[in-house]
Amino acid sequence: MDVKGTWSSLYWLFCQFELITCSYLMEPWEKVLFYSFNLAMAGLLLYTAYVCMAFHLSSAFQLLGSFLGNQRENALAVVK
């Protein structure tokens, strides 16, 4: 694996990020605030998505299980 190529591509992506957000025009203290705010929001978004996805998947599987379980019970009741 080419580490130098990886670092240069990451640096290029960071430069693109700075160009898109115009953060290259900011003063250093503004950059610190801007980047820390963005990282905090990204972290909260990932945490919330993780927690909510686990809750929703659990609820969906319980609902699916109850539908499948009720169908079997109903089918057995009809046979009896």
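Two residues are said to be in contact when heavy atoms of one lie within 4.5 Å of heavy atoms of the other. The views below all come from a predicted model.

**View 1. Ser 23 in the loop between the two helices.**
Ser 23 belongs to the loop that lies between H1 and H2. When residues up to four places away in sequence are left out, Ser 23 touches Glu 18, Lys 31, Phe 34 and Tyr 35. The relative accessible area of Ser 23 is 0%, and because buried means a value under 20%, Ser 23 counts as buried.

**View 2. The salt bridge between Lys 31 and Glu 18.**
A search of the whole structure finds 1 salt bridge, and Lys 31 forms it with Glu 18, with 3.2 Å between the closest N and O atoms. Since Lys 31 is in helix H2 and Glu 18 is in helix H1, the pair ties together parts that are 13 residues apart in sequence.

**View 3**
In the whole structure, a search finds 3 aromatic pairs. In one of them, the ring centres of Phe 17 and Tyr 35 are 6.0 Å apart and the ring planes stand at 40 degrees, so this pair is described as tilted; the reasoning is that planes under 30 degrees apart would count as stacked and planes over 60 as edge-to-face. Phe 17 is found in helix H1 (residues 3-21) and Tyr 35 in helix H2 (residues 28-79), so the pair ties together parts that are 18 residues apart in sequence. Ring pairs link Phe 14, Phe 17, Phe 34 and Tyr 35 into a cluster. Phe 17 itself has 33% relative accessibility, and for that reason counts as partly exposed.

**View 4. Cys 22 and its positive phi.**
Cys 22, like Ser 23, lies in the loop between H1 and H2. The phi angle of Cys 22 is near 60 degrees, which is a positive value in a residue other than glycine. This deserves a close look because most residues other than glycine have a negative phi. With a relative accessibility of 38%, Cys 22 counts as partly exposed.

**View 5. A nonpolar patch on the surface.**
Val 3, Trp 7, Leu 10, Trp 12 and Leu 13 form a nonpolar patch on the surface, and together they have about 590 Å² of accessible area. One of these residues, Val 3, has its place in helix H1.

**View 6. The chain and its annotated spans.**
The chain contains 2 helices and 0 strands, and of its 80 residues, 4% count as buried. In an unreviewed UniProt entry, the annotation "transmembrane region" covers residues 7-26 and 32-57. Residues 7-26 are 75% helix and 0% strand, with the end C-alpha atoms of this span lying 24 Å apart. Residues 32-57 are 100% helix and 0% strand, and here the end C-alpha atoms are 37 Å apart.

Conventions: Residues numbered from 1 in each chain as written. Predicted model: local features only at pLDDT ≥ 70, side-chain atom pairs only at ≥ 80, totals over all residues. Heavy atoms only, no water. UniProt positions renumbered as here; feature names shortened; annotations may be inferred. Helix = DSSP H or I, 4+ residues; strand = E, 2+ residues; numbered from the N terminus. Phe/Tyr/Trp six-rings, centres within 6.5 Å; stacked < 30°, edge-to-face > 60°. Buried < 20%, exposed > 50% of the residue type's maximum accessible area, 1.4 Å probe, protein only. Salt bridge = Lys/Arg side-chain N within 4 Å of Asp/Glu carboxyl O. Patch = residues over 30% accessible without salt bridge, like charges linked within 9 Å, V, L, I, M, F, W, Y side chains within 5 Å. Areas by Shrake-Rupley, 256 points an atom, 1.4 Å probe, with all protein chains shown as cover.
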